[in-house]
Amino acid sequence: MTQDRNYGFGTRAIHAGAVPDPVTGARATPIHQTTSFVFDSAEHAASLFNLQTFGNVYSRISNPTVAVLEERVAALEGGRAALACSTGMAAQMTALLAILKTGDHIVAASTLYGGTVGQLGVGFARLGIETTFVDPADTENFRRAIRPNTRALYGETIGNPLVNVLDIEAVAKVAHDHGLPLVIDNTVASPYVCNPFAFGADIVVHSATKYLGGHGTTMAGVIVESGKFNWANGNFPELTEPSAAYHGVKFYETFGDFGYTMKARMEVNRSFGATLAPMSAWLILQGIETLHLRMQAHSRNALAVARHLQQHPQVAWVNYPGLPESPYFALAQKQFRSLDGGPMGSGILTFGIKATDPAKAGERFIDACEFLSHLANIGDAKTLVIHPASTTHRQLSEAELAKAGVSADMVRLSVGIEDVEDILWDIDQALNKAVA
Ligand SMILES: *Cc1c(COP(=O)(O)O)cnc(C)c1O
């Protein structure tokens, strides 16, 4: 494809990073199910190992099928380079280990995905990397928590499960005032709804398990680099000094605007091995070819469900950033792609059931659903439902639930792309049984 044209999102979702196979003519991206790649000569091998020639050596480091996924997600995010990992958790870990070491500090939103709170608050803490969690509703909370050893700010475009929207531009400004990169988990929005780089984010991470794959079949993660952050500002000597892990390479000097990605690949993924399998990359690529269509359908259905729930007599409250009544609507208008005259909101929403025992009603609602699936995932073509207070947040006391922003009556829906009339029918009949 010519580089002269600024291709639209749908065209990039289908073509970016891929060409017909030059050997066989295969139009679909081949699955290069191989661990290793034959060198042309001893000299070629040496130059690959010296990072003087680009090419494949071993699939823990790079693989041609995985490379198509990496290029495609970089193109969809408007980034410079990407690295795929085995899961979303692995992508976050790899993204952060590329710039953090024992003694460093992170400032992160307190409303992050629970798995990420555990990874940073417990896992990284054990490695001697401390995280301060702050309420992201006030951007100044990030600034106030920054210390001399802080090396990254971390947030989610749309929080899960609170569905709160981050002011990426404001947090990026705080980060850049202190010479720090802003890492954004863009999983819930997807690159179709929001491109965090457009608002100043420096690194984007995805659980590709969710909307990118889109069908609940495959675990994967992706890290994308904007290519704009100045890693030579004195805070990141690991990127500017000779690398002990990769025979003296200076990643930023040698690779410039994709030096961070090269370090994540050649040091972290090579040493820690959270690599994506080619088959999984191929499955995620199949999903991405329809990302733009699915995200429109997810957002339209979620808005219709949110509007329906708003006027439902058995519903106490609804939280969806695409609703004009949402406290996050203005941020959604600013940061999210528009559709049908309003901002897209992706497919996740929460609501509360009106009942004397709302926790019990939440459990009964879930049990009464016919085809809405009760499970702990999001971003599937199928509509998914969960009651956090009786599942993911079950062990928390009422006070702890309140602090986490999870009320006893909260139901989370990941609205799928089935016919919306059927989704509304299932919700209505389950609500009737829940409060009967
Ligand atoms: C699911 C999820 C993750 C973790 O991704 P996995 O692919 O399950 O490892 C991280 N962040 C968010 C927002 C998620 O929803």
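Helices (H or I, at least four residues) and strands (E, at least two) are DSSP runs, numbered from the N terminus. This is a predicted model, in which local features need pLDDT of at least 70, side-chain atom pairs count only at pLDDT 80 or more, and totals for chains, interfaces and linings use all residues. Residues are numbered from 1 along each chain as its sequence is written, and side-chain values use heavy atoms, with hydrogens and water left out.

Let us start with the backbone. Most residues other than glycine have a negative phi, and most peptide bonds are trans. Serine 190, which sits in helix α8 (residues 190-193), has a positive phi near 75°. Serine 190 counts as buried because its relative accessibility is 1%; buried means under 20% relative accessible area, exposed over 50%, and partly exposed in between (1.4 Å probe, protein chains only).

The loop between β4 (150-156) and α7 (168-177) holds proline 161. A cis peptide bond, with omega about 15°, links asparagine 160 to proline 161. Valine 163 also belongs to the loop between β4 and α7, and its phi is positive too, near 60°. With a relative accessible area of 0%, valine 163 is buried.

## Pocket and cavities

Now for the empty space. Rolling a probe the size of a water molecule over the atoms shows where empty space is left. On a 1 Å grid over the protein atoms alone, a cavity is a set of points where a 1.4 Å probe fits but cannot get out, while a pocket is an open set with protein on both sides within 12 Å along at least five of seven lines; lining residues have an atom within 4 Å of a point. Grid points are joined across faces, edges and corners, and a volume is the space filled by probe spheres set on the points.

The largest pocket holds about 1400 Å³ of space. It is lined by 48 residues, and Gly17, Ala67, Val68, Glu70 and Glu71 are the closest to its centre. At least two lining residues come from each of α1 (9-15), α2 (42-49), α3 (64-77), β1 (81-85) and α11 (259-272). Helix α3 gives the most to this lining, with eight residues.

There are also three cavities of 30 Å³ or more in the structure. The largest cavity has Ser59, Arg60, Ile61, Ser62, Asn63, Val66, Glu70, Leu83, Ala84, Arg265, Asn269 and Thr275 in its lining, and α3, β1 and α11 are the elements that give two or more residues to it. Around the second largest cavity are Ala109, Thr111, Pro136, Gly155, Glu156, Gly159, Asn164, Val165 and Leu166.

The table sets out the linings by class. Ala, Val, Leu, Ile, Met, Phe, Trp, Tyr, Cys and Pro count as nonpolar, Asp, Glu, Lys and Arg as charged, and the others, Gly among them, as polar.

| Space | Volume | Lining residues by class |
|---|---|---|
| Largest pocket | about 1400 Å³ | 25 nonpolar, 15 polar, eight charged |
| Largest cavity | about 60 Å³ | four nonpolar, five polar, three charged |
| Second largest cavity | about 40 Å³ | four nonpolar, four polar, one charged |

## Helix packing

Two packed helices are described by the angle between their axes and the distance between the axes. Axes are lines fitted to C-alpha atoms, for helices over the stretch in contact, and angles run from 0 to 180 degrees between N-to-C directions. Helix α13 (residues 291-310) and helix α17 (residues 420-435) have axes that come within 10 Å and cross at roughly 35°. Contact means heavy atoms within 4.5 Å. On the α13 side, the contact is made by Asn301, Ala304, Val305, His308 and Leu309, and on the α17 side by Val420, Ile423, Leu424, Ile427, Asp428 and Leu431. By class, these residues are eight nonpolar, two polar and one charged.

Helix α12 (residues 278-288) has Pro278, Ser280, Ala281, Ile284, Leu285, Gly287 and Ile288 as its buried residues. These buried residues pack against α1, α3 and α13.

Leucine 239 belongs to helix α9 (residues 237-240) and is buried, at 0% relative accessibility. Beyond residues up to four places away in sequence, leucine 239 touches Ile99, Trp231, Lys250, Phe251, Tyr252, Gly259, Tyr260 and Lys263. Lysine 263, in helix α11, counts as buried because its relative accessibility is 4%. Neighbours within four places in sequence aside, lysine 263 is in contact with Ala98, Glu238, Leu239, Phe251 and Val268.
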